[in-house]
Amino acid sequence: MKRSQWSATALAAGLVVSLAACSSGGEGGGQSDSLTLLFGSSGDAETAALEAAAAAWSEESGVEVEVQAASDLTQQLGQGFSGNNPPDLFYMSWDQFQTYASQQFLEPYAADLPNADDFYPALQDQFSYEDEFYCAPKDFSTLGLVINTDLWEAAGLTDADIPTDWESLRSAAQRLTTGETVGLSFGLEYARLGVFMNQAGGSMLSEDGTEVTADSPENVEAIEYVQSLAADGSLRFPADLEAGWAGEAFGQGKAAMVIEGPWINGALAADFPDVNYQVAELPAGPGGQSTFTFSNCWGIPAGSDTRDSAVEFVEFLTSDEQQLAFSEAFGVIPSTESGAQQYAEQFPENAAFVDGVEYATSPVAFAGAAAVISDFNASLEGLESADAAQLLGDLQSNLEAALEEAQG
Amino acid sequence: MAKRSGIRSNESVAGWLFTLPAILIVGVFLAVPVLMALWVSFSDWNGLGPPVGGRAQFVGAENYADVLTEEGLAQRDFGTSIRNNLYYVLLVVPLQTALALFLAVQVNRRVLKGRGFFRTAFYFPSVTSSVAITVVFLFLFTASGAVNSILGWLGINGPNWFNDPSGVLHNLFAVFGWTSPGPLGATGPLGLTWWDWLSGPSVAMCALITLAVFTTSGTFMLLFLAALQNIGTEIDEAASIDGAGAFRKFFSVTLPMLKPTLFTVLTLGLIGTWQVFDQIYLTGGGSPGKTTLTPAFLAYQTSFEDLRWGRGAAIAFILFAIIVALTLLQRRILRDRDEKPKRRRRGIDGDPHDGATAQAVTRLNAGAGGAP
């Protein structure tokens, strides 16, 4: 009996010790001799480039960096924050940024960076919450019109035919449509359709961001224009072409023109190296030219123990030199004006993407908007037969409710 | 009882010590997390810092109201997820149970050659990772995939399975020319119109239903097989001598004897289908058009993506309540058909006669156990 009592006690004590060992201890001070970096990788090229950058900085600063590619960045970030153990530095995507900032997850460090003013103003806005510039944009992408040059020439089109407005886009798409190929394709989602809305002169929010304008006549016009392209048969969406995304349909030759960003370069080089293509700026609508910018920023958790080291690392990562190295490795555009200019010279075939930043806007992304946008995207499945005004009416009321909640 | 002291007084301490490891493990990994999740469902915790003792505030039943009573996107999403899952459960549970029973009876037949092979073959999908199977299904059900090719031989133009958000009941109504909601356009429970409730599972969901039936039937076949092997041959022979044919024997003799197993299979099936998550995660989180969104996935999405952990936990607890309620209901339905004497013997209902018996039994046991 005595012996079993002792062994039971020992077992219980052992359990407590092993559980305690599972929890990690904190460390103090803004400086640290090691950092963890969590990022969502687009592929091996990006992972390798980040590892190389981290190694180079470690040598310079003496701070070890553990680079970790996330399999599901959102989930791993959520888990890290709720477990009180977030990574010291991470990719923060544009669509989640406002949510994270409004919940006070993020350290507003970007304004203190020596190169804070070098970033494009549109990107500074994208990563500002309540007029405070939170985190440094990592790079950016805009949308352009990617054209398959072989199919273009086969249809008898020349450089003069490159679409500059909605009408020329329609006629080019019609001429490119054949039995196996559709003229135009893009993902059926707000991140593409929203461009047409902006080109029509519409928007999701009023200038000051206090009112929802999703059901404006301009937006209705944009949706109806896209519906008419689909009705012509010259626009089909990737799912109907049995492609995971528009870039895949483009690579397979099922679509002659797609609306995508610079990431298509890497994907085509890896999977469809034989496709010849060129990139043009998106055509202007009745309300002028417009495109979207998408970006990630370098997020640092609020009140981080390793803040100072992480900020130094961000400074290194956002230097023109390092950003151009990333551009070379996986095709993103530097987030600083000087870096982007060098990029446009170095990669003239991507100049259209850089030119777009002049008139680019950020997709609507205030805290809570993501759920509304994903609901809108889901309702777009029936776009071809839907009533544009009703689609936008639902979006309007949902977005109004979300905005009201976001503003408290 | 009170007099019990002396040499046995240490026993209760020893007893607690012996159970301490189990209590600790269950407490730390089960009781505390569940209670904490319950607290989170009544708080505005945003996922930053600890849920208890941090900045999280008690907000009452607000999280529950958001998805149950307050009109808006959250309520409609929840309603949609419940509708989708309801059709999923209604189709998967009967189909997989019937198929499992059918397979078990087949591989239990003595005349069947190579029984071992078939048993393994049918059980194989159950031991394969559901991720792997889902990915295979994604390929099988593409627009020009194997399934549509086979349908093509039969002259059927197959749908674009995983990208088709149309409900099968809506499609069926359309055959009869009924395409507009009409009077059913009125808003029903949880912010969805009655017309939406009647959509039936989407074509994409049907592919997932096929997948679920395919993967889980093997597991339940094993349970039925074990139960079938417990039925003695003499019962079978007795029924034959009484002149029962194969069908009569199955429905009047075998099936009633399988009732406890049937209850187990139906309960496990019900729980598993209401919690479906991994297939949804892999097929794009509710796409097409939110027609494969389920409460389990919605709870995950609300928590991790929208950082509304309270609402996510509330959805999880509502799901828990649904499962418990349905399990109790099912237990009641299966028990009511039992014969009276059997019920008495178990002594589990509130009948005073039963209660007395049960008490007597307890006293007897206590007397026997308590004797020094």
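Analyst: Phe97(A) has a relative accessibility of 0% and therefore counts as buried, where buried means under 20% relative accessible area, exposed over 50% and partly exposed in between, with a 1.4 Å probe and protein chains only. This is a predicted model, in which local features need pLDDT of at least 70 and side-chain atom pairs count only at pLDDT 80 or more, whereas totals for chains, interfaces and linings use all residues. Residues are numbered from 1 along each chain as its sequence is written, chains are lettered from A and ligands numbered from 1 in the order in which they are written, and side-chain values use heavy atoms, with hydrogens and water left out.

Phe127(A) is likewise buried, with a relative accessible area of 0%. Over all chains the count comes to 47 aromatic pairs, a pair being rings of Phe, Tyr and Trp (its six-membered ring) whose centres lie within 6.5 Å, with planes under 30 degrees apart counted as stacked, over 60 as edge-to-face and the rest as tilted. One of them joins Phe97(A) and Phe127(A), whose ring centres are 5.3 Å apart and whose planes stand at 85°, so this pair is edge-to-face. Because Phe97(A) lies in helix α4 (residues 94–102) of chain A and Phe127(A) in the loop between α5 (121–126) and β4 (128–129) of chain A, the pair ties together parts that are 30 residues apart in sequence; helices (H or I, at least four residues) and strands (E, at least two) are DSSP runs numbered from the N terminus.

Another pair is formed by Trp166(A) and Phe196(A), with ring centres 6.2 Å apart and planes at 50°, so the pair is tilted. Trp166(A) lies in helix α7 (residues 166–176) of chain A and Phe196(A) in helix α8 (residues 190–199) of chain A, so here too parts that are 30 residues apart in sequence are tied together. Trp166(A) and Phe196(A) are both buried.

Turning to the cysteines, a search of the whole structure finds one disulfide over all chains, defined as a pair of cysteine sulfur atoms within 2.5 Å. The disulfide joins Cys135(A) to Cys297(A), with an S to S distance of 1.9 Å. Cys135(A) sits in the loop between β5 (132–133) and β6 (141–142) of chain A and Cys297(A) in strand β12 (residues 296–299) of chain A, so that distant parts of the chain, 162 residues apart, are linked. The torsion about the S-S bond is about -75°, so the disulfide is left-handed. Cys135(A) is buried at a relative accessible area of 1%, and Cys297(A) counts as buried at 0% relative accessibility.
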